[in-house]
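Let's take a friendly walk through a protein model, one part at a time. Keep the sequence and the 3D view at hand as you read.

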Amino acid sequence: MLSGLIKFILGFFLAIAVLIGGGVAIGLYFMNRTGIPPAKPVFSNDSPSVKAQAPKATEPGGAKPTLTPGTKAESSPSPTSTSTESPKATPSSKPLPSGAYRGRVTWAEGLSLRSQPNPEAEKIGGVTFNQKIIILEENQDKSWQKIRLEGSEQEGWVKAGNTQKVDEKPEDTEQPER
């Protein structure tokens, strides 16, 4: 009878030890899994095949009216299309004001175009990733930039630091001024 009682007590403690050990192991497993960052989502504009096509077709969503003139402007520097460069440059944009420069959007999710340099200002449009723009000016504390969409007359303010200056060919920047 005493040996049966000892076997029961040892079995009970062994079962408790197995349950605690299993719970700790499962807890550590899930804690370690939550410490691993998830895989970065892949968007169509992140794909290398889309990036290779971007200079030719500007963006995969080429149905947007602001992207179409960008495609024409890239094909215009060829010497055979000199007669078509001036008409394309005139309707798509005015000559750059002093201090303005060409750029593109570097924020992967695109930017909100606002009427004033203020996050609470009215949203008047949007700018997509890698879209060509003209940076017209910056506010006093350089936290906002006033831009014009290339190929459009739409102007607005975007948060600074989300754009990048684009070096254009000298012929391309000089021709609208002539």
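## The overall layout

Read from the start of the sequence to its end, the elements of this predicted model come in the order α-α-α-α-β-β-β-β-β-β-β-α. That makes five helices and seven strands.

The protein has 178 residues, and 25% of them count as buried.

## The annotated stretch and its rings

The unreviewed UniProt entry gives residues 6–30 the annotation "transmembrane region". In the model, this span is 100% helix and 0% strand, and its end C-alpha atoms are 36 Å apart.

How many aromatic pairs are there in the protein? The count is two. In one of them, the ring centres of phenylalanine 12 and phenylalanine 13 lie 5.9 Å apart with their planes at 70°, so this pair is edge-to-face. Phenylalanine 12 is partly exposed, with a relative accessible area of 47%, while phenylalanine 13 is exposed at 52%. Tyrosine 29 and phenylalanine 30 also form an edge-to-face pair, with 5.2 Å from centre to centre and 75° between the planes. Here tyrosine 29 is partly exposed at 48%, and phenylalanine 30 is exposed at 51%. Exposed means over 50%, so phenylalanine 30 falls in that class.

## Salt bridges

Side chains of opposite charge can pair when their charged atoms come close. In the whole structure, a search finds four salt bridges. One of them joins glutamate 150 to arginine 102, with the closest N and O atoms 3.0 Å apart. This pair links distant parts of the chain, 48 residues apart: glutamate 150 sits in the loop between E5 and strand E6 (155–159), and arginine 102 belongs to strand E1. Are these two partners buried or exposed? Glutamate 150 is buried at 12% relative accessibility, and arginine 102 is buried at 11%.

Glutamate 155 takes part in a salt bridge with lysine 146, where the closest N and O atoms are 3.7 Å apart. Glutamate 155 also pairs with arginine 148, this time at 3.3 Å. Through these shared partners, Lys146, Arg148 and Glu155 are joined into one network. Glutamate 155 is partly exposed at 28% and lysine 146 is partly exposed at 23%, whereas arginine 148 is buried, with a relative accessible area of 2%.

A charge can also be placed against a ring: lysine 165 lies over the face of tyrosine 101, at 5.3 Å from the ring centre.

## Two loop residues and their contacts

Leucine 96 is located in the loop between helix H4 (82–92) and strand E1 (101–105). Its relative accessibility is 25%, so leucine 96 counts as partly exposed. Which residues does leucine 96 contact, leaving aside neighbours within four places in sequence? They are Tyr101, Arg102 and Ile134. Isoleucine 134 is 38 residues away from leucine 96 in sequence, but their C-alpha atoms are 8.1 Å apart in space.

Serine 115 has its place in the loop between strand E2 (111–114) and strand E3 (123–127). With 27% relative accessibility, serine 115 is partly exposed. Not counting residues up to four places away, serine 115 touches Ala121, Glu122, Ile124 and Trp157. Lysine 146 is 31 residues from serine 115 in sequence, and the two are 9.4 Å apart from C-alpha to C-alpha.

Most residues other than glycine have a negative phi. Asparagine 130 is not a glycine, yet it has a positive phi of about 70°. Asparagine 130 lies in the loop between E3 and strand E4 (132–138) and is partly exposed, at 25% relative accessibility.

Lysine 142 is not a glycine either, and its phi is positive at about 60°. You can find lysine 142 in the loop between E4 and strand E5 (144–149). Its relative accessible area is 56%, so lysine 142 counts as exposed.

Definitions and conventions. Residues are numbered from 1 along each chain as its sequence is written. This is a predicted model: local features need pLDDT of at least 70, side-chain atom pairs count only at pLDDT 80 or more; totals for chains, interfaces and linings use all residues. Side-chain values use heavy atoms; hydrogens and water are left out. Helices (H or I, at least four residues) and strands (E, at least two) are DSSP runs, numbered from the N terminus. Buried means under 20% relative accessible area, exposed over 50%, partly exposed in between (1.4 Å probe, protein chains only). Contact means heavy atoms within 4.5 Å. Rings of Phe, Tyr and Trp (its six-membered ring) pair if their centres lie within 6.5 Å; planes under 30 degrees apart count as stacked, over 60 as edge-to-face and the rest as tilted. A charge sits over a ring if NZ of Lys or CZ of Arg is within 6 Å of the ring centre and within 35 degrees of the ring normal. UniProt positions are given in the numbering used here, feature names are shortened, and annotations may be inferred rather than shown by experiment. A salt bridge is a side-chain nitrogen of Lys or Arg within 4 Å of a carboxyl oxygen of Asp or Glu.
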